[in-house]
Amino acid sequence: MTQQKVRMLEDRLLYEGWNTLRQLSLEYQHDSGVVQHLQRELYVKSPGAGVLLYNEVNDTVVLVKQFRTPLFYLNEEPMLVEVCAGLLDGEDPETAIKREILEETGYQVDHVDFVMKVFTSPGVVTEYLMLYTANIRDTQRIARGGGLVEEGEEIELIEWPLSLCEEKLMAGEIQDAKTVILLQNLLIKQAKTRHLQKK
């Protein structure tokens with residue numbers, strides 16, 4: 001679909017706080033030629049980045065566990081296990097994610113590998129995430145991590161064997177989308193490598 005099928009009629013600010021809520025009035029032309037008026041609310045949210053930290057020597061991944069308000073609101077377990085992530089805050093994605101790695105986990109990482117760009121909830125939120133993986137060693141942990149208290153963060157570090165992560169994925173016990181994507185990506189790459197080695 002091209003932008004020519006859609007015409008903006010009105011873009012109205014409804015609320016501005018931690019995120020921004022806007023209401024759009026659009027004119028959408030279907031392939032049949034029918035023109036439809038659409039009204040949509042959307043959250044304008046800054047882009048972010050996430051990274052899966054993989055210790056190849058130990059065959060483990062380093063994850064974080066932290067409080068998530070939407071889960072609390074839904075009466076779900078609010079302490080969510082996920083990959084290290086954060087907002088870009090105007091930085092380029094690689095610089096931002098290296099900063100987040102140090103703040104949240106205490107690991108200092110020189111290089112990250114780009115995996116993909118994903119839209120987190122494109123029906124209602126403008127946010128997208130740049131996803132990465134990074135190989136780490138025990139010696140690269142130079143600080144305690146745990147996040148920034150002034151940003152309301154209290155982060156627990158978790159180091160799980162990759163085999164356990166695979167079991168938890170299969171059991172549906174990992175519920176954060178970016179974490180599922182990055183773990184599956186790593187497992188697929190490893191399976192492909194093993195397959196090629198057998199040839």
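A salt bridge is counted here where a side-chain nitrogen of Lys or Arg lies within 4 Å of a carboxyl oxygen of Asp or Glu. The model on display is predicted: local features need pLDDT of at least 70, side-chain atom pairs count only at pLDDT 80 or more, and totals for chains, interfaces and linings use all residues. Residues are numbered from 1 along each chain as its sequence is written, and side-chain values use heavy atoms, with hydrogens and water left out.

**First selection: Asp31 and Lys5.** The side chains of these two residues form a salt bridge, with 2.7 Å from N to O. Asp31 sits in the loop between strand E2 (20–29) and strand E3 (35–44), and Lys5 in the segment before strand E1 (6–16), so the contact ties together parts 26 residues apart in sequence. Helices (H or I, at least four residues) and strands (E, at least two) are DSSP runs, numbered from the N terminus. With a relative accessibility of 74%, Asp31 counts as exposed; exposed means over 50% relative accessible area, buried under 20%, and partly exposed in between (1.4 Å probe, protein chains only).

Lys178 belongs to helix H4 and Glu82 to strand E6, so distant parts of the chain, 96 residues apart, are linked. Lys178 is buried at 11% relative accessibility, and Glu82 is likewise buried at 0%.

Arg99 is partly exposed at 22% relative accessibility, as is Glu91 at 29%. The count of salt bridges comes to 12.

Colour domain 1 (3–44) and domain 2 (48–198) separately; the bounds come from an automatic or database domain assignment. Their C-alpha centres lie 32 Å apart.

A pocket is an open set of points on a 1 Å grid over the protein atoms alone, where a 1.4 Å probe fits, with protein on both sides within 12 Å along at least five of seven lines; lining residues have an atom within 4 Å of a point. Select Trp18, Lys45, Arg68, Pro70 and Glu127, which lie nearest the centre among the 42 lining residues. Helix H1 gives the most to this lining, with 4 residues. At least three lining residues come from each of domain 1 and domain 2.
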